[in-house]
Amino acid sequence: MGFATRVRHRLYTGYCERKFGVSTRGLIQAPELGVANADAVGYCALEYEYLLWALPEIPFPAEEVVFVDYGAGKGRALAAAAVRPFRRVIGVEISGELVEIARRNLARLRHRRAGQVEIHHADAAAFAVPDDANVFFFFNPFGGATLGRVVERIRESWMAHPREVFFIYFNHGRFDECIEGQSWLHKVHETSFCGFYRLASAR
């Protein structure tokens, strides 16, 4: 990333943090988070400009969106989603320290429009997928067996409660490997840093 791009990101991050009333900056290495799951990665929030580019691409009416962010961290993606008129915004985060920070951020969030916003302190692999969840957001939060189990849980939820679903996955190489050979999802759009996915039946 060039110097001019870094400066632009820094300025835009400051603008969005002030606008939303949150504090989500910083880098925390995985060992510092004190979590037992070896698949977990450290904390680093996705740049706001990528978040605010991706959210309008969700192909469902906003009032029908139940948005789940896996690896919610300090709540940056939750904040960006919650200022849209989504029905529910849900975060899942394994680090208790990050959950507490995210809760503080959500408590002081400005311009909230979502009907309900919540964050769960849980291992993503054990989190029960809500029956109505239809948008799943990932910013490279974990890999390995955890990612495979999360995908399987979402598939099981979809099979038990059929519905249209949409995935947004930043740094999507691991995800592409994880779903290779699975017939229920297909990629509908890709950039160098993000992939969008829908049900195969939605072709």
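Modeller: The model is predicted. The side chains of Thr24 and Arg76 are joined by a polar contact of 2.7 Å. Thr24 sits in the loop between α1 (3–20) and β1. Its relative accessibility is 0%, under the 20% cut-off, so Thr24 counts as buried. Apart from neighbours within four places in sequence, Thr24 touches Glu17, Tyr43, Ala45, Tyr48, Lys74, Gly75, Arg76 and Asn105.

Asn105 leads on to helix α5, where Asn105 is itself buried, along with Leu98, Val99, Ile101, Ala102 and Leu106. Viewed down the axis of α5, these buried residues fall within an arc of 165°, so they line one face of the helix. The elements that cover them include β1 (27–28), α2 (30–33), β2 (43–44), α4 (76–82), β4 (88–93) and β5 (116–121). The length of α5 can be checked as well: its 12 residues (96–107), at 1.5 Å a residue, should span 16 Å, and the end C-alpha atoms are 16 Å apart, which agrees.

Next comes strand β6, residues 135–139. Of its 5 residues, 4 are buried, so the strand is largely enclosed by the rest of the structure. β6 is paired with strand β3 (residues 66–70) through 4 bridges, and the two run parallel. Within that pairing, Asp69 has Phe137 of β6 as its bridge partner. β6 is also joined to strand β7 (residues 166–170), here by 5 bridges, again in parallel.

Asn140 is in the loop between β6 and α6. Asn171 is in the loop between β7 and α7 (173–179). Most residues other than glycine have a negative phi. Asn140, however, has a positive phi of about 45°, and Asn171 has a positive phi of about 60°.

How values were computed
Residues are numbered from 1 along each chain as its sequence is written. This is a predicted model: local features need pLDDT of at least 70, side-chain atom pairs count only at pLDDT 80 or more; totals for chains, interfaces and linings use all residues. Side-chain values use heavy atoms; hydrogens and water are left out. Buried means under 20% relative accessible area, exposed over 50%, partly exposed in between (1.4 Å probe, protein chains only). Two strands pair if DSSP finds at least two bridges between them. The expected span of a helix is 1.5 Å times one less than its number of residues. The arc is that of the directions from the helix axis to the C-beta atoms. Contact means heavy atoms within 4.5 Å. A polar contact is a pair of N or O atoms within 3.5 Å; within protein, one must be able to donate a hydrogen and the other to accept it, and residues adjacent in sequence count only if both atoms are side-chain atoms.
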